[in-house]
Structures are given as C-alpha cells and as structure tokens.
Amino acid sequence: MSPIVSPSLLSADFLHLEESVKMINQSNADWLHIDVMDGVFVPNLSFGFPILEAISPICRKPLDVHLMIVDPLKFIEPLAKVGTHIMNIHYEVSPHLHRSLTAIRAAGMKSGVTLNPHTPVEVLEDVLEECDLVLLMSVNPGFGGQKFIHRTLEKTRRLRRMIDERGLETILEVDGGVNATTAPLLVEAGADALVAGSYVFGHAHPFEAIDGLKALCR
Ligand code: DX5
Ligand code: ZN
C-alpha cells in the first residue's frame with residue numbers, strides 16, 4: 001500500500017498561494033497539510049482563519065490541519081465550518097484528551113493527536129480508540145526545513161505495534177524532515193501518512209517529489 005502524502009503548505013510560496021494549492025490539486029498528493037502556529041506553544045507564527053477560508057473553496061484535497069496552539073478546542077466549530085477533514089491537536093496542551101477527541105469527532109471531523117519528539121507513544125495507550133490519526137513529530141514543531149530526528153523511527157515502530165495489536169484503523173502520520181532519504185525508512189517502520197513541506201515545495205519538480213513518496217510501499 002502506498003503512503004498517504006500530505007504536502008505542508010508552510011513551505012509554499014506565500015506570494016502565490018493559489019498556484020500552490022492548484023498545483024497540489026493537480027498532483028497525486030492525498031491531503032493538504034496546514035500548519036497553524038500561535039507563537040506561544042511554538043516559537044513562531046504562521047497563519048490562521050483568513051488563509052484557511054481563502055484556501056478551502058479552491059482546495060480539492062482534504063485539509064489535514066495541524067494546530068500548534070495552546071487552546072485548540074476554542075476552534076472546533078470554526079475549523080469544521082471551513083471544511084477541515086482532520087483536526088490535529090497536540091497531546092502536550094490537552095489535559096482532557098479523551099473529551100477533546102470525542103468533541104472533534106462530534107463536530108464531524110477526524111480526530112488527530114500530535115506528539116512532540118519527547119513525548120512517548122505509550123501515553124496514548126488508553127485513548128488510542130478515540131484517535132482517527134496520530135501524528136508523530138520528527139522535528140520540534142515551529143519551523144519547516146529542519147533535520148529529521150532519527151529516534152522517530154523507533155517510535156513509529158512502537159506505535160505501529162500498538163495500533164495493530166488493538167486491531168485499530170488509526171492512521172499513523174509523521175511530520176518533519178521527510179524527504180527521499182527518510183521517507184522509505186518511515187514507511188518501512190510502519191508510517192501510513194507522510195507530511196512533507198520543504199521537500200515537496202523546494203523540489204525542482206514537486207509532482208515528481210510527490211510521486212516518489214507515493215511509490216513507496218509497506
Ligand atoms: C513543523 C510543521 C511541519 C513542517 C514540515 O512545525 O509541523 O508540518 O511544515 O516541514 P519540513 O517537511 O520542511 O520539515
Ligand atoms: Zn505540521
């Protein structure tokens with residue numbers, strides 16, 4: 001099975017966002033990854049609803065929204081309204097994760113939980129059934145173009161085992177430093193979905209970069 005590929009808009013040319021979204025529409029990418037940052041949870045700001053509202057009507061791929069913000073639950077309703085497919089919230093800002101994931105599903109979105117590099121996958125043992133997706137960060141969130149943290153491969157294997165042992169359909173996604181070298185290792189370790197920002201948008205031929213990721217097989 002080939003991995004789900006979710007190019008991250010964070011690395012697109014912000015002066016030509018429409019072109020970037022249309023390029024993704026025409027590509028074999030599966031989703032569009034949207035990185036929302038608040039400058040509090042992560043040391044950077046990206047973009048918010050004005051951009052999401054502009055992109056949503058022209059984007060033909062499901063929106064995979066990664067919220068790097070301290071209070072994501074405030075935005076369940078507006079995110080559902082702009083057509084979010086997967087709402088990813090960070091474990092590290094979620095004291096009542098079970099309730100949060102249930103509320104995301106009740107709003108008609110897929111529930112995603114994201115783990116920072118230092119957070120072990122075992123913290124999800126008692127809430128995995130509520131996760132439609134788990135996103136493992138393979139860099140510290142906040143910036144595109146960072147170096148892949150290799151320990152993520154071991155985490156990916158452990159999470160794969162947890163999902164399979166329970167017979168769940170939870171999608172295992174990895175984000176950060178994904179490229180032609182790290183993607184095969186991740187897929188081999190059990191990743192179902194790959195986020196790729198600088199690798200896709202910085203590539204001379206983004207369609208080829210996407211097709212190369214899609215050609216992997218686990
Ligand atoms: C980092 C973001 C990533 C980022 C990935 O905080 O969550 O989605 O765009 O960028 P690359 O693929 O360049 O590491
Ligand atoms: Zn992301």
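Visitor: By class, what makes up the lining of the largest pocket?

Guide: The lining has twelve nonpolar, 13 polar and three charged residues. Here Asp, Glu, Lys and Arg count as charged, Ala, Val, Leu, Ile, Met, Phe, Trp, Tyr, Cys and Pro as nonpolar, and the others, Gly among them, as polar. This is a predicted model, where local features need pLDDT of at least 70 and side-chain atom pairs pLDDT 80 or more, while totals for chains, interfaces and linings use all residues. Residues are numbered from 1 along each chain as written, chains are lettered from A and ligands numbered from 1 in written order, and side-chain values use heavy atoms, without hydrogens and water.

Visitor: What volume does the largest pocket have, and which residues are closest to its centre?

Guide: Its volume is about 310 Å³, the space filled by probe spheres set on grid points joined across faces, edges and corners. Of its 28 lining residues, Gly144, Gly145, Asp175, Gly176 and Gly177 are the closest to the centre. A pocket is an open set of points on a 1 Å grid over the protein atoms alone, where a 1.4 Å probe fits, with protein on both sides within 12 Å along at least five of seven lines; lining residues have an atom within 4 Å of a point.

Visitor: Why do the residues annotated "binding site" gather at one spot?

Guide: The unreviewed UniProt entry gives that annotation to His33, Asp35, His66 and Asp175. They span 143 residues in sequence, but no two of their C-alpha atoms are more than 10.6 Å apart, so they do gather at one spot. From this set, Asp35, His66 and Asp175 belong to the lining of the largest pocket. Do bear in mind that UniProt annotations may be inferred rather than shown by experiment.

Visitor: Why is Asp35 called buried?

Guide: Its relative accessible area is 5%, and buried means under 20% (1.4 Å probe, protein chains only), so Asp35 qualifies. At 8%, Asp175 counts as buried too.

Visitor: What makes a polar contact between the side chains of Asp35 and Ser8?

Guide: They come to 2.6 Å, and the term asks for N or O atoms within 3.5 Å, one able to donate a hydrogen and the other to accept it, with sequence-adjacent residues counting only if both atoms are side-chain atoms.

Definitions and conventions. Buried means under 20% relative accessible area, exposed over 50%, partly exposed in between (1.4 Å probe, protein chains only).
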